[in-house]
Amino acid sequence: MPGTTDHSRARISGEVDRDLRADISLLGSLLGRVLTEAGGDDLLADVENLRGLVIRAYERDHDASIEDAEALVESFTPERAEQVARAFTCYFHLSNLAEEHHRVRVLRARSAAGPASVSTDTLPAALERMREEVGAEATAERLQGLRFHPVLTAHPTEARRRAVASTIRRISELLDARVPADPASATGAENERRLLEQIEVLWRTSPLRTTRPTPLDEVRTAMSIFDQTLFQIVPQVYRLLDDWLLGTDAGVAEAKAPAFLRLGSWIGADRDGNPFVTANVTKEAAAIAAEHVLLGLEHAATRIGRTLTLDESETRPDDALRALAARQEELAASVTSQIGTRAPNEPHRRVLLVIAERIAATRRGDEALAYADPSALLDELRIVQNSLRAGGARRNANGELQNLIWQVQTFGFHLAELEVRQHSKVHREALADVKAGGALADMTIEVLEVYRTIAYLQKRYGVDAARRYIVSFTQSSTDLATVYDLAEAALGSAEAAPVLDAIPLFETFDDLQNSTRILSEMIELAPVKARLAATGRKLEVMLGYSDSSKDVGPVSATLALYDAQSRIASWAKDNDIVLTLFHGRGGALGRGGGPANEAVMAQPPGSVDDRFKLTEQGEVIFAQYGDKTIAARHIEQMAAATLLASSPANEEANRAAADEFAPVAATMDEASRTRFFELVKAEGFAPWFAQVTPMEEVGLLALGSRPARRGLSVSSLEDLRAIPWVFAWTQARINLTGWFGLGTALAAVGDEALLRDAYRRWPLFTSMIDNVEMSLAKTDLRIAERYLALGDRADLAALVLSEMQLTREWVQRTSGHGEILDDKPVLQRAVRLRSPYVDALSLLQLRALRSVRASGSTDPQDAPHRLLLLAVNGVAAGLQNTG
């Protein structure tokens with residue numbers, strides 16, 4: 001922590017990489033200076049005293065030390081408690097930044113070291129392995145069909161304010177600039193001065209939002225990711241692949257790498273349970289995204305056009321380019337004349353600059369000059385490219401111009417396809433209202449307006465801007481037919497209705513079990529038959545991880561999802577369907593989280609088939625896409641895993657293991673579900689859960705636009721959304737949603753040798769155990785006991801604690817690890833380094849919770865509530881994957 005180097009911390013962090021340790025030490029010492037300047041030596045002393053006590057308690061497993069730390073926290077004045085909570089939160093923001101910075105440093109070093117150091121989870125490595133298994137021709141065909149499709153969502157797990165995130169980004173840039181600088185030089189001194197300035201901004205910026213963000217605020221936050229990283233790094237990822245594919249011909253020969261990424265978004269379109277997402281909001285969200293991508297394309301085309309100063313005597317235009325130039329002049333004589341004056345003998349430059357003007361007109365909505373759709377722009381860019389090749393300027397044809405073509409292929413005019421989502425119950429009620437023939441309810445009017453908005457967006461930005469319509473809690477094929485019936489009602493006829501692909505979302509255990517029956521009925525619907533004929537029998541099915549886990553527990557949900565995917569994949573093959581499974585995963589383990597590339601490799605045979613689509617939620621968006629180097633690595637890892645998941649060897653390994661260990665799965669399923677129901681179906685469980693976690697108080701945090709629960713109070717689990725269900729257990733340092741029931745399940749199998757064999761050879765089981773290890777590593781028994789003591793049910797508290805201990809014991813026996821995460825030493829050390837500091841924030845949060853519960857206050861502005869919310873924010877920063 002700030003300005004210290006005591007031996008207790010050194011023991012914890014002794015093996016952490018030297019450069020990372022140096023960065024954390026630097027930032028910690030600078031934070032210490034800022035704290036001293038802001039609150040005097042007393043503030044720093046209080047922070048240091050608490051830090052020392054929690055480290056001693058963590059290292060020595062000493063109850064007296066944790067009690068001393070708790071007593072110190074109780075002795076703080078309300079003002080001091082807030083300051084200490086903010087100090088630890090600032091520390092976590094800075095240490096998170098240092099770890100990200102170090103990750104980038106490692107990735108860059110590996111890249112600089114050359115091919116010999118390249119990891120096995122790269123695209124070249126995946127393609128080499130595929131070639132060995134299926135041959136070069138089949139591998140090339142699979143590569144062309146590759147699709148990685150992340151969908152950004154605005155679920156409120158990113159607890160940081162945008163102002164805080166922006167400050168952290170500035171500190172990161174200063175830390176990056178510091179690497180080559182001599183700290184003793186004038187440059188180094190200036191760097192340190194600016195670091196102190198920005199850390200002071202971080203300290204003095206309130207970490208709590210004063211108002212809840214609107215859906216459009218969430219859209220703009222996501223746009224920062226596009227502007228800062230995605231638009232630039234996506235063609236770089238393609239280029240690295242292309243360089244490998246072409247070898248010595250790279251940059252000269254025609255590109256072989258496909259534009260395999262497609263981006264989706266629910267932000268501003270997901271209206272399931274969010275009354276603030278209206279048809280107008282969806283229209284504005286699309287306009288904001290289109291403005292960003294069209295500006296990006298316009299600037300890129302202008303920049304490239306200005307560099308194409310190739311005289312026509314040296315690079316003769318072909319007939320197609322001359323014809324395009326003539327069409328441009330006919331379309332916009334004044335524009336072409338003005339540009340032609342600047343580049344009279346540079347036809348390629350002239351044509352591309354007019355293309356840039358047409359992109360600008362598309363952005364402005366100038367229909368006379370605008371492109372009808374992205375394909376029209378691509379056609380013209382390819383004309384320029386082919387003419388350059390024909391004229392001998394092959395490097396110009398295959399360089400920056402190819403990057404622009406990849407960007408158009410990836411992002412179109414819409415950037416990210418907006419995917420509308422609505423609950424099946426809302427559709428049923430709206431259609432019944434329409435059929436009744438009277439005055440329509442407000443909700444029905446809004447539902448119908450959404451379809452009109454989709455039609456408008458398709459006309460304005462192209463069909464791919466918004467054609468997917470996801471139906472939450474799909475329970476019958478009628479729920480999907482209703483989508484098309486409402487579209488017809490909204491637009492007046494089926495012919496006038498927008499192009500729609502209704503996507504069933506199977507969320508509960510029962511719905512997963514009934515999925516193939518519903519799908520068989522779905523493909524007999526006339527609108528679906530028409531879409532299958534138009535798309536080459538492509539169909540998308542979404543699986544919900546969050547609610548299924550809340551429904552039957554994490555173990556049974558994992559097994560049920562695997563079984564559902566396997567059955568749906570077999571059904572698709574039997575019905576000649578080109579299937580894409582859409583995985584509704586969250587960042588936390590209780591919502592399908594964990595290393596996504598490993599999860600891809602553990603999918604059932606036939607369920608991936610070179611296509612993988614998943615939601616990227618909350619803090620995961622910024623963790624995976626906030627830095628260019630990390631974003632490029634993540635995209636490549638996911639694409640490589642998507643290819644390898646469909647390799648014959650991987651599919652056969654998954655198939656054989658699933659068959660061999662089916663009895664183990666059956667035993668685990670029954671035992672874990674029984675145990676889970678014993679807890680969640682106990683009388684009074686829901687109000688007890690609200691007592692022992694900050695669940696109710698989390699709802700006071702202005703995290704996102706969507707309400708945390710479906711009703712006014714939580715009387716049962718069905719009332720509560722999956723995100724606060726996970727978030728609250730994580731805040732209490734119990735992480736119950738990631739592991740509860742697994743210990744009982746493993747004990748029910750009982751055969752340690754069999755379980756170890758399954759861990760070695762059954763990918764799904766390996767992934768489950770590894771994920772639970774990560775979840776358990778972030779739990780803390782003594783902190784958990786203090787939260788559970790807030791309730792009045794000793795029986796339920798004992799049930800949770802006994803299952804925690806049982807799960808830890810059996811996970812270690814199954815994995816063969818002496819300690820949790822022994823096979824992941826870097827992660828293990830990082831968790832150990834963080835945990836004591838999270839303990840400090842947890843003790844502050846517990847103080848606030850006790851005060852809130854004792855007073856009965858519901859005022860979010862009073863001192864206990866403020867401390868509570870500050871601590872919630874800090875714990876989220878410390879644990880990172882919180883919801």
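Helix H5 passes helix H9 in a right-handed crossing, a crossing being right-handed if the near helix is turned clockwise from the far one by less than a right angle, and left-handed if anticlockwise. The helices, like the strands named below, are DSSP runs numbered from the N terminus (helices H or I, at least four residues; strands E, at least two). This is a predicted model, in which local features need pLDDT of at least 70 and side-chain atom pairs count only at pLDDT 80 or more, while totals for chains, interfaces and linings use all residues. Residues are numbered from 1 along each chain as its sequence is written, and side-chain values use heavy atoms, with hydrogens and water left out.

The axes of H5 (residues 123-134) and H9 (residues 215-246) come within 10 Å and cross at roughly 45°; axes are lines fitted to C-alpha atoms, for helices over the stretch in contact, and angles run from 0 to 180 degrees between N-to-C directions. H5 and H9 are therefore oblique to each other, given that angles under 35 degrees count as roughly parallel, over 145 as roughly antiparallel, 65 to 115 as roughly perpendicular and the rest as oblique. On the H5 side, Leu123, Pro124, Leu127, Glu128 and Arg131 meet Leu241, Trp244 and Leu245 of H9, where contact means heavy atoms within 4.5 Å. The residues of this contact comprise six nonpolar, no polar and two charged; Ala, Val, Leu, Ile, Met, Phe, Trp, Tyr, Cys and Pro count as nonpolar, Asp, Glu, Lys and Arg as charged, and the others, Gly among them, as polar.

Helix H2 (residues 18-60) packs with helix H7 (residues 162-178) at an angle of about 125°, their axes lying 12 Å apart. H2 and H7 are therefore oblique to each other, and their crossing is right-handed. Asp23, Leu26 and Leu27 of H2 make the contact with Ile171, Leu175 and Arg178 of H7, a set of four nonpolar, no polar and two charged residues.

Glu100 lies in helix H4 (residues 78-113). Leaving aside residues up to four places away in sequence, Glu100 touches Arg169, Ser172, Asp627 and Ile630.

Elements giving two or more residues to the lining include strand S1 (147-153), helix H14 (374-390) and strand S7 (538-544). By class, the lining has 18 nonpolar, 10 polar and 13 charged residues.
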